[in-house]
Amino acid sequence: MTDEKKLRSLLESIASGNLTPDAALNQLKHLAYEPIGEFAKIDNHRALRTGFPEVIWGPGKTPGQIAQIMNVMRQKNSVVMATRIESNVYVAVRSQVRDLRYYESAKICAIAPSTIETRYPGIIGILSAGTADLPVAEEAALTAELSGFQVQRLWDVGVAGIHRLLDNRHLITSASVLIVVAGMEGALPSVVAGLADCPVIAVPTSIGYGASFNGLAPLLTMLNSCAAGIGVVNIDNGFGAAILAGQILRTVSKLPRDGIF
């Protein structure tokens, strides 16, 4: 009962007398949160509040804990995902979770349909400055796709070879929101924002030589950008960038059609 349509259908069944209040209560008893042993409390209500179900952060959890959480969450969500999952952890979790998929480049494992349905309008364009930035960029891309958004990828278009970016300007202009992932000095989001007419979400990565300070240098560059319309998330946070892009697009449906608030 974490899906808005299903919840509405449940309430209509109660109102029409086709479902007793006790039966409905039994379905809703874990709507707020659901405890799993002594180590987790699943926020089943999150999808209703924010539009996205809770996502499992892999590091610090044992494969057994991840598996238990996924098996509980799958009862109420069509998509269940865990981030920052190394391949050996996936193998251990897979033995306890049926139909588990692994997306190695993004380090995400998920229970999901083989074909992900696009549920929301708009296009999230995702750009990476270099090949080394791909794990973070793919984390963003896959998170957005699993959340129901259409994604366009454009990899290895950093400013050291700016013609690679300019040759693909049509992908920038066709996007509704752009996520730009870059390490080293982190200049790419500023360049993209100077070309784009949509919000740009900048993601600094920990890729770079010593003076990049594991992503601090590109983070500061992005925060100090002279290009307008840039929002910045934390270092290597492709997941957070995708969720923010999704929230921007989902907000469009709340705007009045005539443009008057």
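**Close-up A. Asn 214 in the loop between β10 and α10.** In this predicted model, Asn 214 belongs to the loop that runs between β10 (200–204) and α10. The phi of Asn 214 is near 55°, a positive value in a residue other than glycine. For context, most residues other than glycine have a negative phi. Asn 214 has a relative accessible area of 61%, and because exposed residues are those over 50%, Asn 214 is classed as exposed. Tyr 209 is found in the loop between β10 and α10 as well, and Tyr 209 is likewise exposed, with a relative accessible area of 69%. Although Tyr 209 and Glu 185 are 24 residues apart in sequence, their C-alpha atoms are 9.6 Å apart in space.

**Close-up B. A nonpolar surface patch that includes Leu 216.** Phe 213, Leu 216, Leu 220 and Leu 223 together make a nonpolar surface patch of about 410 Å². One of these residues, Leu 216, is placed in helix α10, which covers residues 216–223. The relative accessibility of Leu 216 is 38%, so Leu 216 counts as partly exposed.

Close-up C. Strand β9 (residues 177–182) is largely enclosed by the rest of the structure, because 6 of its 6 residues are buried. In a regular strand the side chains alternate between the two faces of the sheet. In β9, Val 177, Ile 179 and Val 181 point one way, whereas Leu 178, Val 180 and Ala 182 point the other way, and all of them are buried. Strand β9 runs parallel to β7, to which it is joined by 5 bridges, and it also pairs with β10 in the parallel sense over 5 bridges. Together with helix α9 (residues 188–193), strands β9 and β10 make a right-handed β-α-β unit.

**Close-up D. Two stacked aromatic pairs.** A pair of aromatic rings is described by the distance of the centres and the angle of the planes. The count for this model comes to 2 aromatic pairs. In one of them, Tyr 90 and Tyr 102 are stacked, with 4.6 Å from centre to centre and 10° between the planes. Tyr 90 lies in helix α5 (residues 87–94) and Tyr 102 in strand β5 (residues 101–103), so this pair ties together parts that are 12 residues apart in sequence. Tyr 90 is buried, with a relative accessible area of 11%. Tyr 120 and Phe 149 also form a stacked pair, with 4.7 Å from centre to centre and 20° between the planes. This pair links distant parts of the chain, 29 residues apart, with Tyr 120 in the loop between β6 (108–111) and β7 (123–128) and Phe 149 in the loop between α6 (134–146) and β8 (150–154). Phe 149 is buried, with a relative accessible area of 3%.

Close-up E. Asp 156 is found in the loop between β8 and α7 (162–166). Although Asp 156 is not a glycine, it has a positive phi of about 60°. The relative accessible area of Asp 156 is 33%, so this residue is classed as partly exposed.

How values were computed:
Residues are numbered from 1 along each chain as its sequence is written. This is a predicted model: local features need pLDDT of at least 70, side-chain atom pairs count only at pLDDT 80 or more; totals for chains, interfaces and linings use all residues. Side-chain values use heavy atoms; hydrogens and water are left out. Patches are made of residues with over 30% relative accessible area and no salt bridge: like charges are joined within 9 Å, nonpolar side chains (Val, Leu, Ile, Met, Phe, Trp, Tyr) within 5 Å. Accessible areas come from the Shrake-Rupley method with a 1.4 Å probe; for residues, only the protein chains shown count as cover. A salt bridge is a side-chain nitrogen of Lys or Arg within 4 Å of a carboxyl oxygen of Asp or Glu. Helices (H or I, at least four residues) and strands (E, at least two) are DSSP runs, numbered from the N terminus. Buried means under 20% relative accessible area, exposed over 50%, partly exposed in between (1.4 Å probe, protein chains only). Rings of Phe, Tyr and Trp (its six-membered ring) pair if their centres lie within 6.5 Å; planes under 30 degrees apart count as stacked, over 60 as edge-to-face and the rest as tilted. Two strands pair if DSSP finds at least two bridges between them. A crossover is right-handed if, with the strands pointing away from the viewer, the path from the first strand over the helix to the second runs clockwise.
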